[in-house]
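Biologist: I would like to learn how to read helices and loops in a structure. Could we go through some cases one by one?

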Amino acid sequence: SDKAKALAQAGAEVVAADADNPGSLPAAFRGAECAYCVTNYWEHFDANREIAQAKALADGIKAAGIKHAIWSTLEDTRKWVPLEDQRMPTLHGHFKVPHFDTKGQSDQYFVDSGVPTTLMLTSFYWDNLITLGLGPKKGADGKYTFVLPMGDRKLPGIAVADIGKCAYGIFKRGSELAGKRVGIAGDHLTGAEMAAQLSDALNVEIGYVSPSFDAYRAFGFPGADDLGNMFQFKHDFNEYYRGARSLEFSRSVNPELQTFAQWVAANRNRITVE
């Protein structure tokens, strides 16, 4: 891929690996001291496949003798909202927030591997405003709105570019953070605060709209039900969710950590206002 070529040109040794092919992973990891492991639910929308990929990664780092791993994870929301809980719909028969639950469930694979692993909780990607089309929209009345079903609760978020820098900072801390669960974020902001900062950067008035969770789940785009449940989890358990993602810790491992205002300023030409 173009990204792999860019890494090679930057001096990285690029090796082939396929998380769907467990046999390819030990050889790919071999020779490395540390490994950052992440899966992408949104690539295929298949919860069982993501769980299998996570297990393959955990088995791979064990076979390769990795000394310190980071597993990019999220909460298993079923610990807060059991499947029989009617506050939010159960999806695919087994999950409340599939792209969260699969990662949280898979934490145990890394614990059981015996490899010293830091479980790193990530936050809402601000880049979703660009890549998933969650940025401001122009309504039929000509007014611009930023839609986020978070009410007046604050949403921890982070620039994707900062996740790798945080992981690097964790690796540099070594055994101090191995075996621990940590959370990262660049800012905790309400939807209204995000809309105001978007307005300033894009030079257009953008209002904040917070629909009900049911309305958001019914928007109909791929994964709307998953994201609707996700936002409800972040809203209903906001004190816990924010507490698990310390800005102070995040800055300690990544001194270059961006705030939302800094990220918007750097990416304003990529944020389309439709």
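Modeller: Start with helix H7, whose buried residues are Gly191, Met194, Ala195, Leu198, Ser199, Ala201 and Leu202. Buried means under 20% relative accessible area, exposed means over 50%, and partly exposed is in between (1.4 Å probe, protein chains only). Helices (H or I, at least four residues) and strands (E, at least two) are DSSP runs, numbered from the N terminus. This is a predicted model, in which local features need pLDDT of at least 70 and side-chain atom pairs count only at pLDDT 80 or more, while totals for chains, interfaces and linings use all residues. Residues are numbered from 1 along each chain as its sequence is written, and side-chain values use heavy atoms, with hydrogens and water left out.

Biologist: What do the buried residues of H7 pack against?

Modeller: Packing is read from contact, meaning heavy atoms within 4.5 Å. The partners of the buried residues of H7 are H5, strand E6 (144-147), strand E7 (155-158), E9, strand E10 (206-209) and H12.

Biologist: How do I check the length of H7?

Modeller: The expected span of a helix is 1.5 Å times one less than its number of residues. H7 has twelve residues and should span 16 Å; its end C-alpha atoms are 16 Å apart, which agrees.

Biologist: Which residues are buried in helix H12?

Modeller: An α-helix has 3.6 residues a turn, so residues three or four places apart point the same way. In H12 (residues 260-267), the buried residues are Phe260, Trp263, Val264 and Asn267. Seen down the axis of H12, they fall within an arc of 100°, so they line one face of the helix. The arc is that of the directions from the helix axis to the C-beta atoms. The cover over these buried residues includes helix H5 (128-131), strand E9 (187-189) and helix H7 (191-202).

Biologist: How do the axes of H7 and H12 cross?

Modeller: Axes are lines fitted to C-alpha atoms, for helices over the stretch in contact, and angles run from 0 to 180 degrees between N-to-C directions. The axes of H7 and H12 come within 10 Å and cross at roughly 35°. Their crossing is right-handed; a crossing has that hand if the near helix is turned clockwise from the far one by less than a right angle, and is left-handed if anticlockwise.

Biologist: Which residues meet there?

Modeller: From H7 come Met194, Gln197, Leu198 and Ala201, and from H12 come Phe260, Ala261 and Val264. The residues of this contact divide into six nonpolar, one polar and no charged. Ala, Val, Leu, Ile, Met, Phe, Trp, Tyr, Cys and Pro count as nonpolar, Asp, Glu, Lys and Arg as charged, and the others, Gly among them, as polar.

Biologist: Where is Phe45 found?

Modeller: Phe45 is in the loop between strand E1 (34-37) and helix H3 (47-64). Its phi is near 60°, a positive value in a residue other than glycine. At 36% relative accessibility, Phe45 counts as partly exposed.
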